[in-house]
Amino acid sequence: MDDEPKTRKAYREAQKHAQATASERDKKRVEVERDYAREQRKKKRGKMQPNGQFDDITYKRVTGLKKKLNWAIGIVFVLIVIVFLVLAFV
């Protein structure tokens, strides 16, 4: 109970001081969040080169996924043809 203000004036000053420190802390937090957001945007932009091309790692990954997708589409198409032939001649 020793750190409680004894008068209204002291209480109001303590409240103003607490509010000022909270406001200062909030400003610092917002600044840090903005810096972090800028860094994240730079990292995301770093994946694409200025001419719109991907970097090597991303290019290899995309190319691999394209090949897998083409295989999957081909297999599905062949299976659909097989099902059609089975249903047509049965």
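Guide: Let us begin with D26, which is partly exposed at a relative accessible area of 36%. Buried means under 20% relative accessible area, exposed over 50%, and partly exposed in between, with a 1.4 Å probe and protein chains only. The model is predicted: local features need pLDDT of at least 70, side-chain atom pairs count only at pLDDT 80 or more, and totals for chains, interfaces and linings use all residues. Residues are numbered from 1 along each chain as its sequence is written, and side-chain values use heavy atoms, with hydrogens and water left out.

Visitor: With which residue does D26 form a salt bridge?

Guide: A salt bridge is a side-chain nitrogen of Lys or Arg within 4 Å of a carboxyl oxygen of Asp or Glu. The partner of D26 is R29, and their closest N and O atoms are 2.4 Å apart. R29 is itself partly exposed, with 41% relative accessibility. R29 also forms a salt bridge with E33, at 2.9 Å between the closest N and O atoms. E33 has a relative accessible area of 44% and is partly exposed.

Visitor: How many residues apart are D26 and R29, and in which helix do they lie?

Guide: Helices are DSSP runs of H or I with at least four residues, strands are runs of E with at least two, and both are numbered from the N terminus. D26 and R29 both lie in helix α1, three residues apart, which is about one turn of the helix. E33 and R29 are four residues apart in helix α1, again about one turn.

Visitor: How many salt bridges does the rule count?

Guide: The count comes to three salt bridges. Besides the pairs made by R29 with D26 and with E33, R38 forms a salt bridge with D35, with the closest N and O atoms 2.9 Å apart. R38 and D35 lie three residues apart in helix α1. Both are partly exposed: R38 at 44% relative accessibility and D35 at 34%.

Visitor: Which residues form the positive surface patch?

Guide: Patches are made of residues with over 30% relative accessible area and no salt bridge; like charges are joined within 9 Å, and nonpolar side chains (Val, Leu, Ile, Met, Phe, Trp, Tyr) within 5 Å. Lys and Arg count as positive and Asp and Glu as negative, while His and the chain ends are not counted. The place of a charge is NZ of Lys, CZ of Arg, CG of Asp or CD of Glu. R8, K9, R12 and K16 form the positive patch. Of these, K16 lies in helix α1 (residues 8-46) and is exposed, with a relative accessible area of 61%.

Visitor: Why does α2 lie largely in the open?

Guide: Because the number buried is one of its 34 residues, α2 lies largely in the open. From first C-alpha to last, α2 reaches 50 Å, close to the 50 Å expected at 1.5 Å a residue; the expected span is 1.5 Å times one less than the number of residues.

Visitor: What percentage of the chain do buried residues make up?

Guide: Buried residues make up 1% of the 90 residues. The chain has two helices and zero strands, and it exposes about 9200 Å², 61% of which is supplied by carbon and sulfur atoms.

Technical notes. Accessible areas come from the Shrake-Rupley method with a 1.4 Å probe; for residues, only the protein chains shown count as cover.
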